[in-house]
Amino acid sequence: MKSFDDLLKLKEKLDEQSDDDKIQILVGLATCGISAGAKPVMESLIEKIKELKLENVVVKQTGCIGICRLEPMFEVYSLDGSRTTYVDMNSEKAKEVVEQHILKGHVIDKYTIGAYD
Amino acid sequence: MSVNHSILDVEYIKKQTRIALKNCGVIDPERIEEYIRKDGYQALAKALFTLGKEGVLDEVEKSGIRGRGGAGFPTGRKWRSGAQVKGDVKYIICNADEGDPGAFMDRSILEGDPHSVIEAMAIAGYAIGAEKGFIYVRAEYPIAVKRLGIAIEQAHEMGFLGKDIFGQGFNFDIELRLGAGAFVCGEGKALIESIEGKRGMPTPKPPRTIQHGLWNKPTVLNNVETFANIPQIILKGSEWYAKIGTEKSKGTKVFALGGKINRTGLVEIPIGTPLREVIYDIGGGIPNGKKFKAVQTGGPSGGCIPVQELDIKIDYETLQSIGSMMGSGGMIVMDEDNCMVDIARFFLEFSVDESCGKCTPCREGTKKMLELLEKIAEGRGTLDDLEKLESLGETIKDTSLCGLGKSAPNPVLSTLRYFRDEYEAHIIDKKCPAGVCKALLNYVVTDKCVGCGACKKVCPVNAITGDKREMHLINPDICIKCGACQEACPVDAIIKK
């Protein structure tokens with residue numbers, strides 16, 4: 001890395017290699033999320049995706065999404081650029097989201113942030 | 001059903017301006033690639049290739065950003081002094097010893113976007129001529145420590161830290177130092193003592209850290225949140241940043257909103273936002289139909305702001321003028337069920353515990369104040385005690401060695417200023433209006449009582465008498481005020497009075 005250009009080229013390369021062509025699920029895994037039970041939620045997501053053999057989905061960790069009272073939470077970044085925020089999650093609900101939203105494309109209204117806020 | 005599906009569409013987020021928290025909850029903090037995709041380390045490149053040292057100092061000065069640790073010293077001026085002071089070795093320190101009860105802004109930044117802090121420290125090092133940085137982080141933040149460690153290693157591998165960064169002959173390295181749990185180590189001078197391996201105690205100022213800091217070398221010390229703003233300032237320019245905020249205080253501030261409020265969480269708002277907007281529009285008001293009583297900002301160093309001051313704009317000067325302070329960003333909301341004497345006692349107790357004991361005003365003075373508060377809370381106080389609290393408080397503020405002592409009386413002084421009637425009720429009427437101070441309240445059975453005997457069964461000290469289907473009675477001399485009877489009563493016949 002010897003120039004500004006090197007950095008911009010690296011960014012470009014990373015953009016190309018990125019998971020943006022897949023559905024991304026970001027789980028809030030800061031101290032707050034973990035203590036509210038985000039780890040089992042993340043494991044359930046991964047397990048269910050594997051079970052359904054979904055290949056265009058990645059599950060990632062992220063930091064604090066910012067709404068303590070609704071943890072554990074995760075967000076689904078869809079291919080059309082929309083962002084769905086699922087809150088107050090548990091393992092069961094997470095699996096349901098994979099089956100309904102990820103597999104069939106039906107957003108589960110009652111689990112989204114709008115239903116709580 | 002039509003509901004908002006995205007976090008971006010709810011009031012709570014729409015009213016916020018995210019700069020320090022820009023990447024929190026958006027990127028994977030353990031992958032430097034994701035930070036780079038969000039323009040990461042471009043600010044460092046811009047500093048090295050375009051701005052130069054002077055350019056960086058100019059930009060930070062012009063941005064108007066002030067220290068987010070609470071004191072609000074202009075960051076640009078601090079960096080300028082750091083650059084001007086002569087010295088072959090200089091240091092950059094990041095204060096990540098966040099210790100105020102209820103505050104977790106810095107933890108969220110470190111856990112969610114550690115590279116922003118690392119990049120900013122490298123920029124600071126370049127601007128002032130330092131090759132070494134330390135992050136002093138609480139050991140109680142294991143996830144932050146882990147993610148910082150990963151981030152530093154990745155930054156090394158990519159060449160953003162280490163020797164000859166970007167081939168420009170600039171060397172910079174960062175080490176982590178873990179705090180051992182003492183609140184006073186968040187105070188700059190005590191923090192430096194602690195990094196040096198000594199007992200973390202403050203030392204007199206002057207000399208200032210900027211001239212004689214870590215190992216007696218010139219040192220620039222900034223808070224996590226201050227650093228987290230820097231890459232954005234460098235990238236988007238000081239003009240952009242200076243448009244946010246008020247005339248004297250630019251940019252945003254992150255607050256940890258907690259207590260008796262509907263939407264607890266982290267909020268980042270432009271400085272100058274009215275307090276009322278934070279509590280009602282963003283925070284969603286007080287739960288269970290209760291009445292707002294006060295909001296505490298600045299933790300043990302801050303004060304309680306009453307309802308009549310709710311329309312103030314949040315900035316360093318205004319908060320100070322009404323007896324509180326910006327502090328690091330804790331914001332605890334209280335409702336009618338909170339006793340202000342009890343709140344003052346809680347925060348003072350914290351300061352007494354955490355006082356390092358080096359200077360007499362803080363060590364002895366805060367303890368004396370606490371004794372007076374306990375006396376009042378137990379119904380043994382006199383009006384004279386209020387005067388004593390005030391004069392002790394002022395003396396401690398004026399004469400303590402460091403910020404801990406200088407600010408420790410604030411919770412007491414501000415509640416005395418705005419809620420004196422509550423103190424007087426404890427003293428004159430021997431009553432705690434909020435029903436919190438145990439010594440001053442009695443559990444009483446009202447005529448709603450159906451004589452079921454449920455209370456009698458749970459009373460651990462047999463203080464309740466009464467025949468079946470007759471009204472029961474609590475003997476106040478035996479009662480230990482545990483509240484078990486009130487919980488057990490099926491008809492809500494027992495009240496605190």
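Strand 8 (residues 292-297) of chain B pairs with strand 9 of chain B in the antiparallel sense over four bridges, where two strands pair if DSSP finds at least two bridges between them, and helices (H or I, at least four residues) and strands (E, at least two) are DSSP runs numbered from the N terminus. Within this pairing, Ala294(B) stands opposite Pro306(B) of strand 9 of chain B.

This is a predicted model, in which local features need pLDDT of at least 70 and side-chain atom pairs count only at pLDDT 80 or more, while totals for chains, interfaces and linings use all residues. Residues are numbered from 1 along each chain as its sequence is written, chains are lettered from A and ligands numbered from 1 in the order in which they are written, and side-chain values use heavy atoms, with hydrogens and water left out.

Strands of a sheet pair through backbone hydrogen bonds, either parallel or antiparallel. The two sheets are set side by side here.

Strand 2 (residues 132-138) and strand 4 (residues 170-179) of chain B run parallel and are joined by seven bridges, and Ile135(B) has Leu176(B) of strand 4 as its bridge partner.

**A helix contact in chain B**

Helix 17 (residues 410-418) and helix 18 (residues 420-429) of chain B pack at an angle of about 90°, with their axes 5 Å apart; axes are lines fitted to C-alpha atoms, for helices over the stretch in contact, and angles run from 0 to 180 degrees between N-to-C directions. That makes helix 17 of chain B roughly perpendicular to helix 18 of chain B, a term that covers angles of 65 to 115 degrees. The contact (heavy atoms within 4.5 Å) is made by Val412(B), Thr415(B), Leu416(B) and Tyr418(B) of helix 17 and by Arg420(B), Asp421(B) and Tyr423(B) of helix 18.

The structure holds four cavities of 30 Å³ or more, a cavity being a set of points on a 1 Å grid over the protein atoms alone where a 1.4 Å probe fits but cannot get out, whereas a pocket is an open set with protein on both sides within 12 Å along at least five of seven lines, and lining residues have an atom within 4 Å of a point. The largest cavity has a volume of about 100 Å³, and among its 15 lining residues Lys22(B), Asn23(B), Tyr35(B), Pro231(B) and Gln232(B) lie nearest its centre. Helix 9 (224-236) of chain B is one of the elements that give two or more residues to this lining, and helix 9 gives the most, with four residues.

The second largest pocket holds about 310 Å³ of space. Its lining counts 15 residues, with Asp20(A), Gln24(A), Val26(B), Arg37(B) and Lys38(B) nearest its centre.

**Chain A in outline**

Chain A has five helices and four strands, which follow the pattern α-β-α-α-β-β-β-α-α along the sequence.

Note on methods:
Parallel < 35°, antiparallel > 145°, perpendicular 65-115°, else oblique. Points joined across faces, edges and corners; volume = space filled by probe spheres on them.
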